[in-house]
Amino acid sequence: MGLCIKALQSWSLTQPEPETHPDPAEPAAQSPMKLMALQLLLWHSALWTVHEATPLGPASNLPQTFLLKCLEQVRKIQADVVVLQERLCATHKLCHPEELVLLRHSLGIPQVSLSRCSSQALQPMGCLKQLHSGLHLYQGLLEALAGISLELAPTLDTMQLDITDFVTNIWQQMEDRGMAPAVQATQGAMPAFTSSFQRRAGGVLVASSLQSFLELAYRALRYLAEP
């Protein structure tokens with residue numbers, strides 16, 4: 001922007017003195033040049049203002065080690081979910097959660113929100129709280145799936161252990177910052193599956209919902225972990 005100001009000053013100082021009998025067309029010829037110089041100056045000024053106002057990165061003061069551990073835990077649970085989905089598909093031929101979406105309401109499987117982790121309204125501590133409460137809810141949903149089948153029981157057990165580790169990690173971080181609630185939130189009413197098919201269909205829907213939840217969580221945590 002300083003270069004533009006100097007250019008304007010230099011241009012003004014180097015203009016020849018008007019003759020005694022100026023050409024009437026001369027001011028009209030000079031006016032576009034002055035206008036172009038002024039527009040260039042204003043454009044650089046606006047560009048500088050925008051540059052100064054643009055944040056350089058995510059406003060997060062969460063420890064890098066904590067965020068990297070969270071990302072590792074998300075990837076681990078995502079791998080567990082893939083194993084569950086593959087086994088439900090191979091063993092019980094339940095491969096397409098979109099075909100079971102009408103059962104979600106009748107089975108009472110709740111939706112989990114991560115609105116504070118979205119790119120439009122990312123709030124680091126608010127995101128952590130929603131992430132913690134969401135994982136706590138999924139713990140209850142996985143417990144409700146107990147007895148789904150002997151083949152899937154080990155996979156569910158592994159997933160529950162990994163989610164518990166993740167929940168504990170987040171809770172400790174909130175405690176360290178004095179942000180942990182005095183009492184942990186309750187899970188609320190869990191679905192009551194009354195048949196083997198409902199339990200397996202519920203497993204497909206819970207796994208699909210959990211995978212979407214983890215994808216959003218991973219994007220938010222990765223953004224917060226950027227230097």
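Axes here are lines fitted to C-alpha atoms, for helices over the stretch in contact, and angles between N-to-C directions run from 0 to 180 degrees. Please keep in mind that this is a predicted model.

Begin with helix H3, residues 64–92, and helix H6, residues 153–176. Their axes lie 10 Å apart and the two helices pack at an angle of about 160 degrees. Angles over 145 degrees count as roughly antiparallel, so H3 is roughly antiparallel to H6. Their crossing is left-handed. If you zoom in on this contact, you will find H3 residues including Phe66, Cys70, Val74, Ile77, Val81 and Leu84 meeting H6 residues including Leu156, Met159, Ile163, Phe166 and Ile170. Charged residues take part as well, among them Lys69, Asp80 and Arg87 in H3, and Asp162 and Asp165 in H6. By class, this contact has twelve nonpolar, five polar and six charged residues.

Now turn to the other partner of H3 in this tour, helix H7. H3 and H7 pack with their axes 9 Å apart, at an angle of about 155 degrees; the two are therefore roughly antiparallel to each other. This crossing, too, is left-handed. The contact of H3 with H7 has 17 nonpolar, seven polar and four charged residues.

What lies in the interior? In soluble globular proteins, nonpolar side chains tend to be buried together. Here the largest nonpolar core has 51 residues, of which Leu131, Phe166 and Leu210 touch the most other members. H3, helix H5 (124–144), H6 and helix H7 (196–225) each supply at least two residues of this core, and H7 gives the most, with 14 residues.

Buried positions need not be nonpolar, so let's look at two polar residues, Gln130 and Ser209. Gln130 sits in helix H5 and, because its relative accessibility is 15%, counts as buried. Leaving aside neighbours within four places in sequence, Gln130 is in contact with Ser113, Leu114, Ser115, Arg116, Cys117 and Phe213. Ser209 is found in helix H7, and at 11% relative accessibility Ser209 is buried as well. Not counting residues up to four places away in sequence, Ser209 touches Arg104, Gln111 and Tyr138.

Technical notes:
Residues are numbered from 1 along each chain as its sequence is written. This is a predicted model: local features need pLDDT of at least 70, side-chain atom pairs count only at pLDDT 80 or more; totals for chains, interfaces and linings use all residues. Side-chain values use heavy atoms; hydrogens and water are left out. Helices (H or I, at least four residues) and strands (E, at least two) are DSSP runs, numbered from the N terminus. Angles under 35 degrees count as roughly parallel, over 145 as roughly antiparallel, 65 to 115 as roughly perpendicular and the rest as oblique. A crossing is left-handed if the near helix is turned anticlockwise from the far one by less than a right angle, and right-handed if clockwise. Contact means heavy atoms within 4.5 Å. A nonpolar core is a set of buried Ala, Val, Leu, Ile, Met, Phe, Trp, Tyr and Cys residues joined through side-chain atoms within 4.5 Å. Buried means under 20% relative accessible area, exposed over 50%, partly exposed in between (1.4 Å probe, protein chains only).
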